[in-house]
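Work through the exercises below with the sequence and the model open. Each task is followed by a solution in steps.

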Amino acid sequence: RVTQRSFLLTPSKALNAIMAYCLAWAADKTGVLVHFCMVMSNHHHTHFTDPEARAPEFCREFHRATAQCINVLRGRSENFWASGQTSLVRLETDEAALEEIVYLLCNPVAAGLVRQGDQWPGFRTGPGDILLPARMVQRPEVFFSKKGRMPEQAALQMVRPSILTHLDDTQLVSLLQERVAERELTLQEEMARQGRRFMGARKVLRQNPNNRPRTEEVRGGIKPRVATANKQRRIEVLARDREFIRVYNEKYLAWKNGDRTVVFPAGTYARVYHGAACHPFDEVASHDTS
């Protein structure tokens, strides 16, 4: 999320173009497969698969490029994103992934901003986008030099997530659209019961980017790293993560003492910059949202 929860991501043509380009460029650079993205006024949700275990690099490049551009766009400086660690939640089951996709797509409705997710004026990808070919997005004129290292165009490709493989692409899109419509109807009914009205896209566009929510931020609480409704699966995954950390610490100590023959567990990021050997993955990629 944005520092101090400010509305610095308030939608506009220029801001939406920045987010699209930086997302496409960062994904292409790191091999990340982007499925869905929703950019709200002060945070973003991105559902992606990380087949090469380069999520730290993807987040760094995406967030750094967007921060540099938007700071210039807004006439500001210093940190743009909040200093806390980026929330990465691994989705362990198809149902967990499906629930998070619907949550992502319905986020502006849940926030009382628009009646339907596709009315959101910010950068958003919808279910049907995974059926479309890549589209070329132009490098923003803000910040980036025409003589710099950033390409003039970047290919933005929304990739089908590897869930519910018994469904073909069209069937998966239909299921997502159905789930989204059901969730939006529930949210609309809840708004009506509370006597509240949706802000609407026009008011969203008129937001002052320097403002922030009037509500106080809820601090503390659980920060999940794994999502699954299956308790036993969750226990197994957390145990696997603890074992990864144990083995990694053991190998790191040996590496620190000069042993360059050690083989780190699969997914260790040190291999990218230090050339450390890693075991191969037993299975291809997991789903993450940030």
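A charge sits over a ring if NZ of Lys or CZ of Arg is within 6 Å of the ring centre and within 35 degrees of the ring normal. Residues are numbered from 1 along each chain as its sequence is written, and side-chain values use heavy atoms, with hydrogens and water left out.

**Exercise 1.** Find which ring the charged end of R260 sits over, and state which aromatic cluster includes W255.

Solution. The charged end of R260 lies over the ring of W255, 4.1 Å from its centre. W255 forms one aromatic cluster with F244, Y248, Y252 and F264. Rings of Phe, Tyr and Trp (its six-membered ring) pair if their centres lie within 6.5 Å; planes under 30 degrees apart count as stacked, over 60 as edge-to-face and the rest as tilted.

**Exercise 2.** Count the aromatic pairs and classify F58 with F62, then F80 with W81.

Solution. The count comes to 9 aromatic pairs. For F58 and F62 the ring centres are 5.9 Å apart and the planes are at 20 degrees, so this pair is stacked. F80 and W81 have 5.0 Å centre to centre and 80 degrees between the planes, an edge-to-face pair. Both F80 and W81 are buried (under 20% relative accessible area, with exposed over 50% and partly exposed in between; 1.4 Å probe, protein chains only).

**Exercise 3.** Check the length of helix α3 (residues 94-105) and list its buried residues.

Solution. Helices (H or I, at least four residues) and strands (E, at least two) are DSSP runs, numbered from the N terminus. The expected span is 1.5 Å times one less than the number of residues. The buried residues are A96, A97, L98, I101, V102, L104 and L105.

**Exercise 4.** Identify the element with the lowest mean pLDDT.

Solution. Strand β9 (residues 287-289) has the lowest mean pLDDT (40), and β1 the highest (98). Over residues 283-290 the pLDDT is below 50. Where pLDDT is low, the predicted coordinates should not be read in detail.

Notes: This is a predicted model: local features need pLDDT of at least 70, side-chain atom pairs count only at pLDDT 80 or more; totals for chains, interfaces and linings use all residues. pLDDT is the predictor's confidence in each residue, from 0 to 100. Contact means heavy atoms within 4.5 Å.
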